[in-house]
Amino acid sequence: MAAKGKGKGSSEKKSVKRSAYFTVSGKTATATRKYCPNCGPGVFLGEHKDRVSCGKCGFTEFKA
């Protein structure tokens, strides 16, 4: 029996720490990415080269 490897069709996602989306200055933390206007605070928009989009609701905003 052959061992299962990571080949075509592997659906492994890379996770990013939520702390990477904030910058801390003094005692305040500010978000570096925009929040989704539909889902509200806590759901960040994913940044692509020509747009920002929400992975939860599908909201898309194109960059100018």
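What is the mean pLDDT of the chain, and what share of its residues reach 70 or more? The mean is 86, and 83% of the residues reach 70 or more. This is a predicted model.

Figure 1. The chain has seven strands and zero helices. Read along the sequence, its pattern is β-β-β-β-β-β-β. Among the contacts with a separation of 6 or more, 5% join residues 24 or more positions apart. Buried residues make up 14% of the 64 residues. The chain exposes about 5,800 Å². Carbon and sulfur atoms supply 53% of that area.

**Figure 2. Confidence along the strands.** Strand E4 covers residues 40–44. Confidence in the chain is lowest there, at a mean of 91. Confidence is highest in E6, at 96.

**Figure 3. An open sheet of three strands.** The strand order is E5-E6-E7, and the pairing is antiparallel. Strand E5 (46–47) and strand E7 (60–62) stand at the edges. Each has a single partner strand, so one side of each is left without a neighbour in the sheet.

**Figure 4. The pairing of E6 with E7.** Strand E6 spans residues 51–53. E6 and E7 pair in the antiparallel sense over three bridges. Find Val 52 in this view: its bridge partner in E7 is Glu 61.

**Figure 5. The largest nonpolar core.** Five residues form this core: Cys 36, Val 43, Leu 45, Val 52 and Cys 54.

Figure 6. A disulfide is a covalent bond between the sulfur atoms of two cysteines. How many disulfides does a search of the whole structure find? The search finds zero. Cys 36 is in no disulfide, and its nearest cysteine sulfur, that of Cys 57, is 3.7 Å away. Cys 57 is in no disulfide either; the nearest cysteine sulfur to it belongs to Cys 36.

Figure 7. Cys 36 has a relative accessible area of 2%, so Cys 36 is buried. Cys 57 has a relative accessible area of 40%, so Cys 57 is partly exposed.

How values were computed
Residues are numbered from 1 along each chain as its sequence is written. This is a predicted model: local features need pLDDT of at least 70, side-chain atom pairs count only at pLDDT 80 or more; totals for chains, interfaces and linings use all residues. Side-chain values use heavy atoms; hydrogens and water are left out. Two strands pair if DSSP finds at least two bridges between them. Helices (H or I, at least four residues) and strands (E, at least two) are DSSP runs, numbered from the N terminus. A disulfide is a pair of cysteine sulfur atoms within 2.5 Å. Buried means under 20% relative accessible area, exposed over 50%, partly exposed in between (1.4 Å probe, protein chains only). pLDDT is the predictor's confidence in each residue, from 0 to 100. A nonpolar core is a set of buried Ala, Val, Leu, Ile, Met, Phe, Trp, Tyr and Cys residues joined through side-chain atoms within 4.5 Å. Contact means heavy atoms within 4.5 Å. Accessible areas come from the Shrake-Rupley method with a 1.4 Å probe; for residues, only the protein chains shown count as cover.
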